[in-house]
Amino acid sequence: MHIYTAKHISEIIQGKAIFNGNPGSSPVKTISIDSRTVLAGGQTLFFALKSHRNNGHKYILELIGKGVKAFVISEKHTSYIYEENVVFIYVKDTLSALQKLASWNRQQFEHPIIGITGSNGKTIVKEWLYDLLKSQYSIARSPKSYNSQIGVPLSAWIIQENHDLAILEAGISKPGEMEKLQPIVQPQIGIFTNIGTAHQENFTSLEQKINEKLTLFRDTQHLIFSVDQEMATGIIKGFCIKNQVNMFSWSSVGNEAVVNFHYSKKKNSTKFQAHYKEQSYSFTIPFTDKSAIENACHCFVAALALGASLPHVGNQMQQLSNIAMRLEMRQGNNNCLLINDFYNSDINSLAIALNVLNNQAKKSHLSKVLILSDIQQSGVKPAKLYKKVNQMAVDAGVNEIVGIGTEISKNQGCFKMHGSFYLSTPDFLQHLNGKPFQDAVILLKGVRSFNFEDIASKLQQKAHQTVLEINLDAMVENLNTFRSLLKPSTKIMAMVKAFSYGSGSSEIATLLQYHKIDYLAVAVADEGIELRKSGITIPIVVMNPEIHSFQNIIDYRLEPNIYSIQLLKDFISYLKLNASFDFPIHIKLDTGMNRLGFKTLDEIIELTKHIKDSGNIVVSSVFSHLAASDEPNMDEFTLGQIGAFKTLSKAITLSFNYKINLHVLNSAGIERFPEHQFDMARLGIGLYGISSTGIPLKNISTLKTTISQVKEVSTNETIGYSRKGMLGKKGEIAVIPIGYADGLSRILGNGNGRVFINGYYAPIVGNICMDMCMLDISHINAEVGDEVEVFGSHVLVSELAEKSNTIPYEILTGISQRVKRIYTQE
Ligand SMILES: *Cc1c(COP(=O)(O)O)cnc(C)c1O
């Protein structure tokens, strides 16, 4: 455990300590940069970071209320600086202070550090390495994908005396960033995963980006990389020679590397032979996809470079899991929410999971239950370990613990909250029969061997098994990607019309409001009313206001889009009736779409006259919509629209002596015409993960279901309505509970569409029915209850759209309301 005092830390980061009263000799255990995740304040040092969207100094008073007594700040505000018994360490730049502290902590560690960078696979390689090596080493590793300018220092802080290996990942998005991360990681062993096009916009060439990433390995002893990526190989080899780094190159196709792999794919697994010097080793992984093969090779070579026991690592390879599935949220019975995390159970991942538990419970005012298996943490005495677990659970406000396993049962005295203990999972299941949980958030955290999935399946709600899963973290990432394309001062209006493009209404709007979106836009007033009722307070624009909804628009402070003189006149008379003044409206100009909007200068002169005469309206914004912003062959037309917009909007802005926001770009517009961003941009489909130019966006929605039945079909049998389906051979089909009434277009039947099951694609056979369809799974090992991805990260929405002769918008908004939406967020 670190025992630094605020005073000591102030010296390390060369700050100036300011305090009233007690000078802060209490130890600092935890550092935090996010006020929401501070659990027990007393031993936390809070770094008030500043970004162009947020400022940590805003949360200082609230944190003092939570018991935090030490802060690193770069702004001295009178509102908090005189607080008694609180230490403020004043520095010029709080982020570089955080980095300095982390780098200092790293200097204290003399054991090996594995540093990982590259475009893809960093987190998986890190997690897999952890799993492969955890029985041989006591490992500190980056939580989740903490690889940024902030994430890397937070990760390095985790390294403590009892560790004898650390695995840290580092990522960059622009030049100069790795220079700051290198002193914090200083790896002895480096892994360069691969190079792709992510973040390329900030670099002049791929070569520049590779060199920037390689900066991490300046002082490394061994560097692991694949020679199968021809472009990068030359640069990496040159770097190693120049910096005297030992090359652990590998290849899975040729024989020219230091370590050479040969592999053969089986149905659901891949078998490897590795050749190094005169030795050869074999191992198997339970995956067949290209990136898993690459990641496994990196891990094996890293274990080799580290000098770990290879037979042991080889054995563990069979147990590797898909890390995306590790922490998932499920709706439980009796108004419970389940957080399933039963892949591994160590102190770090428990801390992360408890944080998720705490956040989820806060949102819905549910009680907090922790179901925990024995913890497998090498190097710590059980009594000490479980005392610490108890403290973590107390800090997270856990109301009840269920301990499962012999070790945790033996140490049940360590737990100070309401608890019950069982020797095995079956023991607990038997007990559970009579006593279900109610109104609780339940964290299921256990090692694999405890089979916690049996508990989960008992607690989980079994409704219609077809669900649309929305990844809120990915949506935030997409939002940030678009923000990076816009100037910091440009406002964003998020389009949440049509049930947020099918993904939900209040859940999405709440997230966007939290992330400081400036405006929301809905199609009709009813959608806006629903948002207001669920606590949305930011401005909401109604794109198609209808006269019958004007009273609601005024009552719920919604802002109408005004597109005709008649509509304006009607709205003005409603405002008079309500004695409302200064009511904000948005004016739509038609510059070529020929949909709603004012088209001519004459109309605009009449419009401005009416607005001025009314005396009760403020023009909040003027906008137009582009008809073909995603079609390069029509760019001339688009630029014409933008030109017309400038002319027409000028006639409005000149008539008023206050600021009116102008905006014309939709998602594709932001990607392709950022030079015309005016004051605001309207972000729609991009937020939901679809790009028109191929910028790296995250998939946010996964439509999935489970297999209802599997059966054998012989050569001459037919499948489904009109006997259209035929396998043409003896084979196996699966029935899944999704049909055209759920939004799965009938055009996708008869082999046109496909789904993804257990690592393989399965074509849809025969006609799609209303509530079901059938799949050819002859080549797949699958059984009843297995998960099926209808679209997501393997079957892209764009692929479905193309095959159904439509656009992604229609696919997303066409998922029917009976398909339950579930949300995941860490
Ligand atoms: C739907 C809509 C948008 C968003 O368009 P995307 O292509 O989804 O980004 C922008 N402006 C208006 C007026 C819209 O109706």
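The model is predicted: local features need pLDDT of at least 70, side-chain atom pairs count only at pLDDT 80 or more, and totals for chains, interfaces and linings use all residues. Residues are numbered from 1 along each chain as its sequence is written, and side-chain values use heavy atoms, with hydrogens and water left out.

Polar contacts are pairs of N or O atoms within 3.5 Å. A polar side-chain atom of Arg-682 lies 2.7 Å from a ligand nitrogen. The side chain of Asn-666 places an N or O atom 3.2 Å from a ligand oxygen. At Ile-685, a polar backbone atom is 2.7 Å from an oxygen atom of the ligand. Taken alone, the ligand exposes 380 Å², and the protein buries 93% of that. These areas come from the Shrake-Rupley method with a 1.4 Å probe.

The ligand sits in the second largest pocket, meaning that more than half of its atoms lie within 2 Å of the pocket's grid points. A pocket is an open set of points on a 1 Å grid over the protein atoms alone, with protein on both sides within 12 Å along at least five of seven lines; lining residues have an atom within 4 Å of a point. The second largest pocket holds about 680 Å³ of space, a volume filled by probe spheres set on the points. Its lining comprises 33 residues, and Lys-497, Tyr-501, His-625, Asn-666 and Tyr-809 lie nearest its centre. Helices H18 (497–501), H25 (667–672) and H27 (808–813) each give two or more residues to this lining. H25 gives the most, with three. By class, the lining has 16 nonpolar, 10 polar and seven charged residues.

The structure also holds three cavities of 30 Å³ or more. In a cavity, a 1.4 Å probe fits but cannot get out. The largest cavity contains about 50 Å³ of space. Phe-192, Thr-193, Asn-194, Phe-225, Ser-226, Gln-229, Ala-232, Ile-236 and His-298 line this cavity. Strand E12 (222–226) and helix H9 (230–243) each give two or more residues to the lining. The lining of the largest cavity has four nonpolar, five polar and no charged residues.

Definitions and conventions: Polar contact = N/O pair within 3.5 Å; in protein donor to acceptor, adjacent residues only side chain to side chain. Helix = DSSP H or I, 4+ residues; strand = E, 2+ residues; numbered from the N terminus. Nonpolar A, V, L, I, M, F, W, Y, C, P; charged D, E, K, R; others polar.
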